[in-house]
Amino acid sequence: MLSKLRDAALESGVAFSACARAAGVNLSTARLWCRGESAPGRQNTEAVERLVTRLRQAAGEPPVFDDHWRRALEAARQEGEARRGAPQGRVRPLPEAEEPEPRDIARQEWERLRASALGRTLLGLFGAARAGLRLQDLAEAAGVGLPVVEEALSGALGSLLVPDVGSDGAYRPCDGVPLDRDDEHVELLHAWADSWQARGWPEGTPLYLLSRYPELLRGDVRLARVVLDPRRLLRLASEGRLDEALAQLGLVPERRGDLGTTARLAVSRALIAQRARPVPRHLPRLLALAGDHARARALARVSPQAAARAVRLADVAQVLRRAKDPLAEDVAREAAQWAERATADASPLAERNARSEELGESGAGLLAAGLHEAGDAVLRAVAACEAVGWTARIRAAKKVSGEGPEVEGLLPRAAARAAELSEGDFASKAEALEIWAELVAAHGRAGRLARGRVEEFCAGLDPGADVSHIDLLALGAGALMRVRPGRARRLAARARDALLAVLEEPGRRSPSDRARLRLELSETLARVVAVCPGSARELLKAVPEELATDVLGDDVRAQARAGAAAGQDVTASSAAEAADTAEFQKVSAALRSAPDRGRQLLSVALARWEGHAPVAGLREWGLSLAWALAATGHTPQAARLAGRSREPAELAGALAVVSLGCAIGGRRDEAREQVRKALANGRPAADVHGLIAQAFACAGVTGEAAARARTASRGARSAVATGLVAHAPAAAAPLVAARLAEIGTAPPSPYVRERSFPEVVELLLAVPDVRKPCGDLRASLRDWACRRAPLRNSDPQAVLLHALLGASGRYPEVPALDGWLVDWEQYMAGGRIGSGSPPVPEWTVLQAFRGDLPAARATALRARDPGARAAALGALAAYLGRVPVVVPAVDGWLPQPRPLLRYLALADALGGDATRDEGEARRILGELLRGEHWAHALPLLPRLAPEAVPLLGELALVHTGPR
């Protein structure tokens, strides 16, 4: 065996010392083994395995320590024992010295290193890092050459220092080695990290600095500087460590009032999350099984969808519970929180959502693992969610402990829904039977009614006239099998006989039946075999040759054959079973039997999934950040970011937005430069023409703006007039007069009146003093104000604008709404808006304009979903904090819709100081930044946290720039 080991070393073609070092084997000991001067003891079997693996890898052979090597090792061991026990004539052999214990060797190496200055430095670095370091890392941090470190540690590798699992080429001190963390060596690590940060964290950055260094910085002022460094985050993303990047962002403390850090955390999380891909469900579970609980939890959080995060966190919690880890309760609670968020955000219009349905199985799994509180919370969230299929909701409700609003009345509603579906097409009828199948097992009246409905429904089926009725009979039989087995068997027999009759003479069926057989026979066969397992062979044999393969060339009998072999209905595979892939079974088995081998397989699986992440996109919020950059004086960065936020064909409009930002920040020269660049980019699209005219107006280019306004749309001409009035009121007046004349030609019907009133009100922003409009504008306000009573059927935008003007007390010509408005607001509070979407942000601003801040917050919470609530809170903060806004000529270029910006601009112009509260605006800003819909906070930053804007711009540019 030893000769073969020597041959392997010679064939490897590399330095034997490198292989021994990589295997964690003492170099001197390895040489003795290869020369045959010492036989490895039984305690060294794993060390020999590692050495053989490294030598074979170097020689290009499979790194497998097979039975041949094990037999050879045992033979060498027996040969050595026999040689030591054989008589040697009259010469009495000296007793062979016992091999020293590994602990003694480690102690000796520790004492040897402590005796030299370099050795003390190396040990101090390990003590400061508290993690694995490569020899190259030690050399860089200590400021010496790599050969010097290799020589100093040549005797320690494999004894004092052992390979760090999961860190390629890194070593860590073995357990029990006394190591202290002192300031001197911590500072050496900081200096080493600073050198890599100064280089921009390039390719080849040590894994310790990317993965473990932030743990050293807990409580240190360096933490935010390192973790929020966009180049370091990009390096983590490029190496597929998105989970670690997100977990490290969670280490940065968010201090009250530090909006800059809060904003950087929000954008950093978004940029990293945009690179995230769906995490295979089994990977976090495998990491938890391997003992890497922190990485398992972090990887579960990477999933882009909240439901997927909840499912994966629940999987991790169950593994931790079986391992009796106290962290299981905390992870389970987090899973429940994500489940509640996922179901709360789900649209009621989505009848089914597969990801949400997985949550029900996760909740049941948490209950089975003894995590009752979290499991119950997940099940309640599933039962209350309309985006989850009815069958999953019923299963969840039946497992919930006690009553509650989530489950109260659910079973009767499900029964009513099944009755509706039973009158529909085949898919609807099949879903009705699936719902009844869940209800039949329920106790009490709901179960009895469901059993009766299944029997009544199946009695009316005629499989002889319609082949699809065979499937429905099989589904009905499956629904009754546990509660009424006799009747279920009769239904199953009807389905079996009908299918055999069809298969005997398929050519005599109608064209629609023949088409169904070609497309759906596999599913039909599987359903019937599932309820008639004793007839499986007869049914499979009855399939004629012309129907044996489907339109894709697959065997139609395969699904039914698999179901019969497994003794179950393979058409109803659970998400948990799907997650237990062959890879999961292989790796989990290896982790139990051979942990090192299992971790190696897990590393391969992780590497295959990670790969290189895609470049982050900016479509949803990039232009909003570019506008903020321009408004705070960072025009070059704004222009670059605008170019990356939109397609090349849209660059003219994006630069026009940058120009508007420059103008609102008081930099008209830069505004003019950007709008001219927009024109130089080519002929702008028709919808951008008005935006460019507005940009010229705000930049002070009066003639160009007036000329372009003549051919712009009506709304754009109002925006141009608003842009001109600040520096050229004489040029704005003709545009206002022309717009009033255009509006005056419209027929004075109630519908036209309500649609025209907002256009008239917008012209108030285009006069020198919004509180003192000209006579013609006052007359138009009187003519076009809301007059329909009651207001329930009026346009909500018109009503809210009317209410704002009335609350200002500046426009006596606008009739008071009084009781009509009270009635309308009560009607809106009930969530019954007669026309259009509920304009909650405008209503929120109106409440703040009146000085009722609690009512404003309560109104914002009436929004239909979290995104709309964030938009309402953003509008509230803009009013309270006097955030300047610009009403764009066309919609779609700024994050808020044009009607809301018009309302905000008018409220800001008319609102009094007593209704403003900059402190509350900042608190709302922080609240928005900490939420999922943080992008609604970007327009607020130039006024409320301008110091954060350039840092966010750097983040976005680094993550979206060329590599």
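Biologist: Which helix has the lowest mean pLDDT among the elements, and which the highest?

Modeller: Helix 32 (residues 575–579) has the lowest, 39, and helix 52 (residues 941–944) the highest, 95. pLDDT is the predictor's confidence in each residue, from 0 to 100, and helices are DSSP runs of H or I, at least four residues, numbered from the N terminus. This is a predicted model, so local features need pLDDT of at least 70 and side-chain atom pairs 80 or more, while totals for chains, interfaces and linings use all residues. Residues are numbered from 1 along each chain, and side-chain values use heavy atoms, without hydrogens or water.

Biologist: How does the chain average out?

Modeller: The average pLDDT is 80, and 79% of the residues score at least 70.

Biologist: How do I read an aromatic pair?

Modeller: A pair of rings is described by the distance of the centres and the angle of the planes. Rings of Phe, Tyr and Trp (its six-membered ring) pair if their centres lie within 6.5 Å; planes under 30 degrees apart are stacked, over 60 edge-to-face, the rest tilted. There are five such pairs here. Take Phe 849 and Tyr 879: with centres 6.2 Å apart and planes at 50 degrees, the pair is tilted. Phe 849 belongs to helix 47 and Tyr 879 to helix 49, so the pair ties together parts 30 residues apart in sequence.

Biologist: What lies over the face of Tyr 879?

Modeller: Arg 916, at 4.2 Å from the ring centre. The criterion is CZ of Arg, or NZ of Lys, within 6 Å of the ring centre and within 35 degrees of the ring normal.

Note on methods. Helix = DSSP H or I, 4+ residues; strand = E, 2+ residues; numbered from the N terminus.
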